[in-house]
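Please read the following note alongside the sequence and the model.

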Amino acid sequence: MDERLPLPRLLPLAAQHVLAMIASPLSSVFLIAAGLHLSPGGTASLLSATLVVCGAGALLQSFGVLRTGARLPFMMLPGGAAVALFLETARAHGAATASGSVLLAAALLLAVLPVYGRLVRFFPPLVMGATVLVIGVNMIHVAAPAALAGRGPALVTIAAAALCFLLLRGVWRQLSVLIGMAAGTATVALTGGAAFRGVPGDAVLALPRPFPYGVPHLDLLAALPLMVFALASLAEATGQTVLTSEAVGRSPDPARDVPRTARADAVASLASGLLGGTMMVTSAENIGIVQLTGVRSRFVTAGAGVLLLVSGLLAPVTRVLAALPTPVVGGAALVIYAVIATMGIEMLRRTAPADRATTTVLALTLLAGLLPILAPQLYAPLPGWARTLFGSGVPAAALTAIALSALLGLRSGTGSRRPA
């Protein structure tokens, strides 16, 4: 995890992390720009700000400063549900109030972390395994539409990445996802089967602009949906921190590491809110790459953070990144998320014996985590805050697992019940 790689090897591995997660910040910016009817200049400024915050967040998570950042190979990106909540708040109360809501949600996250750090150590491994499995399945659901935008390039990307992983060795095997994306992009170029995207603007520098919607307006009631999202994101941060610790060979210590992970998320979210963006969360994409390639060094993700910073400040680089075809990015994401789901299954296999209590907890946890995907209309009658909490698979699954484990008296570390 602490290995310092030579630059010729570090750069392509860092680029692989960037390419695996770049679709999320790009799509988030395009959605916000369309929803707020931003000008091309405003769109370029927001894209610059988002990439810069993503890069700074990756550096913060990789190196850690003042107990902020877990010192694990993490990336950071805008939360998917947070984008929708940001736009809903902006439509109802204005963009300045939406920015203020991001600041309030980040402040709330910082405030609850001391208490959460003392409680998280009591979460049984069953909760973590179920949460990781639901993260993988939910993210596959999110990535599937992007792959369906061009089935041919997406299938080529998946097949090429799988073949490279099976047939190659050493550094080439570690670059399997990047090679798969290159093969998919070449397919698009040769067949014209999917459009290359572009970012508006022709400037050389794209500098972030603070307070793009005016001074943020703080409204607690308007901020409630994003504040609930911030609290719910702790479940995902817990699963990802434990999962990444296992992937890099470090003994998981949720009580120590989860607050550091979430604190970095909160600090990055504060910066994002000041620059016009939405809540930031630690990314799941790179966890699959770490497991798939075996490259554990946090200096690789730090290098990816530097690349994101450069991309955010240099408009030509940003336009090249934005030109990646949607189905290629979607196909690579499907491979990575499938690996994450199987890691959750492996965690469950090791920690959850097949007794009645754990089977019940697991069954109901998966039901809570998958229903928002399979039958989202069930949550339509609920108020907005309840839809945020229960209509999203990851927080619903985590809360279900925690509540049932406590109710049935499952013991942390074994998955079995406490003696009467």
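**Notes on the model**

1. Helix H1 (residues 7-21) has 15 residues, which at 1.5 Å a residue should span 21 Å, and its end C-alpha atoms are 21 Å apart, in agreement with that expectation. The expected span is 1.5 Å times one less than the number of residues, and helices are DSSP runs of H or I with at least four residues, numbered from the N terminus.

2. This is a predicted model, in which local features need pLDDT of at least 70 and side-chain atom pairs count only at pLDDT 80 or more, while totals for chains, interfaces and linings use all residues. Residues are numbered from 1 along each chain as its sequence is written, and side-chain values use heavy atoms, with hydrogens and water left out.

3. Among the buried residues of H1 are Leu10, Leu13, Ala14 and Met21, where buried means under 20% relative accessible area (1.4 Å probe, protein chains only).

4. Cys54 is buried, at a relative accessible area of 0%, and Cys164 is buried as well, at 11%. A search of the whole structure finds 0 disulfides, a disulfide being a pair of cysteine sulfur atoms within 2.5 Å.

5. Tyr213 lies in the loop between helix H9 (176-191) and helix H10 (220-247), and Tyr213 is buried, with a relative accessible area of 18%. Beyond its neighbours within four places in sequence, its contacts (heavy atoms within 4.5 Å) include Ile32, Phe86, Ser99 and Gly276. The side chain of Tyr213 reaches the backbone oxygen of Gly276 at 2.8 Å. The C-alpha atoms of Tyr213 and Thr97 are separated by 9.1 Å, although these residues are 116 residues apart along the chain.

Notes. Helices (H or I, at least four residues) and strands (E, at least two) are DSSP runs, numbered from the N terminus. Buried means under 20% relative accessible area, exposed over 50%, partly exposed in between (1.4 Å probe, protein chains only). A polar contact is a pair of N or O atoms within 3.5 Å; within protein, one must be able to donate a hydrogen and the other to accept it, and residues adjacent in sequence count only if both atoms are side-chain atoms.
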